[in-house]
Amino acid sequence: MCKGLVNRILPFSSVDGPGNRTVIFLQGCNFNCLYCHNPETIGKCRACGKCVSLCPYDTLSIVAGQVKWHEEGCKYCDRCLEICTENSSPRPVKMTVDEVAEKILAFKSFISGITISGGECTLQCGFITSLFKRVKEIGLTTFLDTNGSIALWQESELISLMDMAMVDLKSYDPKEHRVLTCMDNEVVIENIKYLAKVNKLYEVRTVIVPETLNNYYNVDMISKLIVSLNSSIRYKLIRYRPKGVRLELIDSYIPRDEMMNELVKLAAGNGCENVIVV
Ligand code: SF4
Ligand code: SF4
């Protein structure tokens with residue numbers, strides 16, 4: 001049976017798509033963004049055992065060459081995350097669609113749908129497709145939160161089961177995108193065009209990072225791209241925040257209101273009808 005590697009399940013969120021949603025964070029990402037604020041979701045545990053002996057609450061053990069996390073005793077002190085040099089965590093668990101669906105059913109009366117996030121969730125397309133099928137049977141909406149790096153136009157079953165997607169376009173400049181994420185942005189832009197065409201693009205997001213990225217150029221070009229597709233698609237500008245970031249990789253600060261207002265003005269001036277700042 002198809003299993004997903006799940007980092008964690010957040011029962012309720014009001015910032016990961018419309019309404020109140022359960023968010024399922026999958027483990028593993030093909031980007032390695034300089035400003036990633038949850039870098040422990042990037043890698044996969046290779047069972048080196050370092051965190052096992054250092055867990056102050058003895059909630060980790062090695063069983064059959066794999067790290068086993070004993071959730072009931074975990075105090076979420078995050079010592080294991082600080083120690084891990086693989087951008088991973090001992091806490092992700094392999095779950096079947098039925099196991100995830102059981103959790104979702106417990107929250108069903110309080111949510112309008114689910115959002116699959118990451119890491120990069122589309123690296124586990126088979127699992128997501130099966131889960132979306134199940135969530136549709138339950139009667140909830142299905143959203144994807146993605147870095148847009150996997151060619152979604154080739155995932156017809158997934159797209160037919162998905163209500164909408166939120167896509168990050170971290171930089172419009174291919175060179176800057178590569179420096180920031182380690183990957184090209186060509187597929188990301190194609191995905192944005194494709195999702196807009198099939199009316200499944202809920203929002204495009206860009207993180208604003210002062211003195212590190214070419215923020216004004218990015219917002220100018222990305223807002224023009226959105227307007228060329230459908231000017232009512234939401235463009236979310238996200239302030240860089242240093243919390244959880246690997247500060248040895250990036251030296252920046254939270255952008256001031258003045259800068260964010262200028263960027264909103266720039267996008268709106270290009271014709272974007274729905275620009276928000278978070
Ligand atoms: S989570 Fe990291 S430190 Fe712990 S066993 Fe896995 S690879 Fe090693
Ligand atoms: S967060 Fe990690 S180190 Fe802390 S108790 Fe849980 S498993 Fe152990």
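This is a predicted model: local features need pLDDT of at least 70, side-chain atom pairs count only at pLDDT 80 or more; totals for chains, interfaces and linings use all residues.
Let me start with helices H3 and H4, which are oblique to each other. The angle at which H3, residues 97-107, packs against H4 is about 40°, and the two axes are 10 Å apart.

Helix H8 covers residues 215-229 and helix H9 covers residues 257-269. Their axes come within 9 Å, and they cross at roughly 30°. H8 and H9 are therefore roughly parallel to each other. Here too the crossing is right-handed, as H8 passes H9. In general, two packed helices are described by the angle between their axes and the distance between the axes.

Next, the overall layout. The chain is divided into two domains. Domain 1 is made of two stretches, 3-40 and 94-277, while domain 2 is 46-83. Between the C-alpha centres of the two domains there are 30 Å.

Now the ligands. What surrounds ligand 1? Its shell includes Cys45, Cys48, Cys51 and Cys84, along with Arg46, Lys50 and Glu86, among others. By class, that shell has seven nonpolar, two polar and three charged residues. Around ligand 2 there are 14 residues, and those that come nearest are Cys55, Cys74, Cys77, Cys80 and Arg91. The classes here are nine nonpolar, one polar and four charged.

On to the backbone. Most residues other than glycine have a negative phi, and most peptide bonds are trans.

The peptide bond joining Gly118 and Gly119 is cis, with omega about 15°. Gly119 sits in the loop that runs from strand E6, residues 113-117, to helix H4, residues 125-138.

Ala64 has a positive phi, near 50°. You will find Ala64 in the loop between strand E3, 60-63, and strand E4, 66-69. Is Ala64 buried or exposed? Ala64 is exposed, because its relative accessible area is 77% and the cut-off is over 50%.

Tyr76 also has a positive phi, near 55°. The loop that holds Tyr76 lies between E4 and helix H2, residues 79-83. Tyr76 has a relative accessible area of 44%, so Tyr76 counts as partly exposed.

Last, two residues and their distances to others along the chain. Ile42 lies in the loop between strand E2, 21-26, and helix H1, 50-54. With a relative accessible area of 12%, Ile42 is buried. In sequence Ile42 and Cys29 are 13 residues apart, but in space their C-alpha atoms are 4.6 Å apart.

Val179 belongs to helix H6, residues 174-181. Its relative accessible area is 60%, so Val179 is exposed. How far from Leu201 is Val179, C-alpha to C-alpha? The separation is 26 Å, for two residues that are 22 apart along the chain.

Technical notes
Residues are numbered from 1 along each chain as its sequence is written. Chains are lettered from A and ligands numbered from 1 in the order in which they are written. Side-chain values use heavy atoms; hydrogens and water are left out. A residue is near a molecule or strand if one of its heavy atoms lies within 4 Å of it. Ala, Val, Leu, Ile, Met, Phe, Trp, Tyr, Cys and Pro count as nonpolar, Asp, Glu, Lys and Arg as charged, and the others, Gly among them, as polar. Domain bounds come from an automatic or database domain assignment. Helices (H or I, at least four residues) and strands (E, at least two) are DSSP runs, numbered from the N terminus. Buried means under 20% relative accessible area, exposed over 50%, partly exposed in between (1.4 Å probe, protein chains only). Axes are lines fitted to C-alpha atoms, for helices over the stretch in contact, and angles run from 0 to 180 degrees between N-to-C directions. Angles under 35 degrees count as roughly parallel, over 145 as roughly antiparallel, 65 to 115 as roughly perpendicular and the rest as oblique. A crossing is left-handed if the near helix is turned anticlockwise from the far one by less than a right angle, and right-handed if clockwise.
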